[in-house]
Amino acid sequence: METLTSPQQQSSGPITRGCQWFKALPNKFCDKTMEIVRKTKKLGQDDPRRIVHSLKVGLALTLVSLFYYFKPLYDGFGDSAMWAVLTVVVVFEFSVGATLGKGFNRMLATFVAGGLGVGAHCLATLAGRKGEPILIATFVFIIAVIMTFMRFFPKMKARYDYGLLIFILTFCLVSVSGYRDDQVLKMAHERFSTILVGSCASLIVCICVCPVWIGEDLHNSVATNMEKLGNFFQAFGDEYFKVSEEHDQSGENNKSYLQGYRSVLTSKSSEETMANFARWEPGHGPFGYRHPWKMYLKIGNLTRDCAYKVEALNNYLNSKIQTPVEIRGKIQGQCKRVSLECSRALKEMASTFRKMVRTRSAIVHIDSSKEAAEELKTLLRTNLWEEADLLEIIPAASVASLLLEIIECIEKISEAVNELAKAAAFINGNATVLPEQPDSIHQGEVQHDSSTAMPVPHIAIIVAE
């Protein structure tokens with residue numbers, strides 16, 4: 001039996017499909033354009049400093065390009081003026097600390113390597129025309145080997161890696177090019193002068209026009225990580241001990257709080273980078289000269305140790321093997337109290353830490369969590385689950401054990417925060433700081449939750465000692 005095809009189907013060949021594609025092309029182009037516009041808008045709204053940084057880079061490049069536009073300036077540097085433009089491109093970073101670090105590395109490495117390159121050229125010329133290339137090649141080999149090996153030292157790599165690279169590059173350019181060009185001293189002088197101009201232009205624009213201090217970002221990042229852990233403990237008690245049929249209004253908020261800790265687990269590299277750049281920054285605002293940035297890394301490490309235990313705790317929320325509700329209910333009161341006090345302690349520390357206030361107000365909540373922990377230990381030692389199945393008990397017992405370990409982690413974080421407060425000369429005072437996110441009411445107690453109908457304002461009462 002033959003199948004009948006319509007004239008439209010017979011005519012739908014490559015030419016027809018091509019025409020349809022061209023007709024749909026304007027719509028696709030508009031959709032892609034709108035998508036790019038939305039992403040660009042979101043990128044700028046997430047951090048408006050990115051827009052300002054782009055404008056600052058354009059301003060710095062415009063300033064150094066004047067060496068090409070004005071003849072008096074061009075006559076002083078010649079074609080070497082391009083090094084000033086290239087220096088701005090590679091040195092200008094988002095933050096003041098990063099720009100200072102790169103600028104200092106580039107200027108110092110250029111100055112020292114340029115001087116050594118001139119010295120190597122002078123020594124090589126004493127060996128005659130035949131011995132000169134051999135000596136220059138030997139010097140280049142020795143310098144390259146030493147500088148490259150020095151990059152493997154952790155402290156050198158953290159602060160001077162870029163400078164070591166520029167050192168190798170400058171030494172090779174000056175010493176090797178001097179074999180064909182007798183004006184090696186003039187070349188080294190022009191290179192250093194233009195790099196000095198480019199670096200200074202970058203530093204002036206970066207510091208004077210809406211400066212971005214990486215030290216402030218590190219300070220706020222450490223405080224935010226503590227808040228995220230506090231949010232997790234705020235939501236954990238309700239989420240773990242709730243009945244499966246219950247659907248409270250705070251469920252969606254709890255889920256967002258329960259996932260916020262994940263970014264803390266991967267914050268190590270960013271914190272180390274910010275701490276290295278923050279050391280280059282001069283004193284500004286509440287951050288004085290020689291601010292103890294290394295101690296931020298200690299707090300960050302302790303916070304991540306706590307976050308790893310939180311990760312293990314979170315696994316029991318989604319575990320296939322769950323302790324029955326009636327068994328969990330026997331330890332519900334003590335576990336929820338421990339979780340709540342841990343949340344309050346972390347949020348209290350985060351709030352006072354962000355305000356750079358030196359208090360021991362979080363100790364009150366840590367002591368309360370220890371009291372609840374002792375009650376929980378006493379309860380676990382009794383024959384509370386004598387008739388229950390062992391496999392059903394293990395998840396709830398593991399949750400209780402993790403909560404007890406987390407109290408020790410939070411106490412270590414509190415000690416590290418107090419050490420930093422002393423070293424950085426935080427404001428002395430007894431402070432009661434209500435967390436930024438208000439509490440909800442559970443079992444007659446006032447507890448923090450963003451879903452309450454009457455939000456509690458963020459209030460800080462500081463009484464100087």
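User: Is the crossing of helix 7 and helix 8 left-handed or right-handed?

Analyst: The model is predicted, and in it the crossing of helix 7 and helix 8 is right-handed. The two axes, of helix 7 (residues 96-125) and helix 8 (residues 128-150), come within 7 Å and cross at roughly 145°. On the helix 7 side the contact is made by Ala-120, His-121, Leu-123, Ala-124 and Thr-125, and on the helix 8 side by Gly-128, Glu-132, Leu-135, Ile-136 and Phe-139. Sorted by class, the residues of this contact are six nonpolar, three polar and one charged.

User: At what angle do helix 3 and helix 10 cross, and how are their contact residues divided by class?

Analyst: Helix 3 (residues 49-64) and helix 10 (residues 184-208) cross at roughly 145°, and their axes come within 9 Å. This crossing is right-handed. Helix 3 contributes Lys-56, Leu-59, Ala-60, Leu-63 and Val-64, while helix 10 contributes Gly-198, Ala-201, Val-205 and Cys-206. The division by class is seven nonpolar, one polar and one charged.

User: Why are helix 18 and helix 19 described as roughly antiparallel?

Analyst: An angle over 145 degrees counts as roughly antiparallel. Helix 18 (residues 361-381) and helix 19 (residues 390-423) pack at about 155°, so they are roughly antiparallel to each other. Their axes are 10 Å apart, and their crossing is left-handed. From helix 18 the contact takes Ile-363, Ile-366, Ser-369, Lys-370, Ala-373, Leu-376, Lys-377 and Leu-380; from helix 19 it takes Ala-400, Leu-404, Ile-407, Ile-410, Glu-411 and Ser-414. Nine of the residues in this contact are nonpolar, two are polar and three are charged.

User: Where does UniProt place the feature "transmembrane region", and what is the helix content of residues 82-101 and of residues 108-128?

Analyst: An unreviewed UniProt entry gives the feature at residues 51-70, 82-101, 108-128, 134-153, 160-180 and 192-214. In the model, residues 82-101 are 80% helix and 0% strand, with end C-alpha atoms 22 Å apart. Residues 108-128 are 90% helix and 0% strand, and there the end C-alpha atoms lie 31 Å apart.

User: Which residues have a positive phi without being glycine?

Analyst: Most residues other than glycine have a negative phi. Cys-210 has a positive phi of about 45° and is not a glycine. Its place is the loop between helix 10 and helix 11 (214-241). Met-356, also not a glycine, has a positive phi near 60°. Met-356 sits in the loop between helix 17 (332-354) and strand 1 (357-358).

User: What does Ser-221 touch, leaving out residues up to four places away in sequence?

Analyst: A contact between residues can join parts of the chain that are apart in sequence. Ser-221, in helix 11, touches Glu-271 and Met-274 when residues up to four places away are not counted.

Note on methods: Residues numbered from 1 in each chain as written. Predicted model: local features only at pLDDT ≥ 70, side-chain atom pairs only at ≥ 80, totals over all residues. Heavy atoms only, no water. Axes fitted to C-alpha atoms, helices over the stretch in contact; angles between N-to-C directions. Helix = DSSP H or I, 4+ residues; strand = E, 2+ residues; numbered from the N terminus. Parallel < 35°, antiparallel > 145°, perpendicular 65-115°, else oblique. Left-handed = near helix turned anticlockwise from the far one by under 90°. Contact = heavy atoms within 4.5 Å. Nonpolar A, V, L, I, M, F, W, Y, C, P; charged D, E, K, R; others polar. UniProt positions renumbered as here; feature names shortened; annotations may be inferred.
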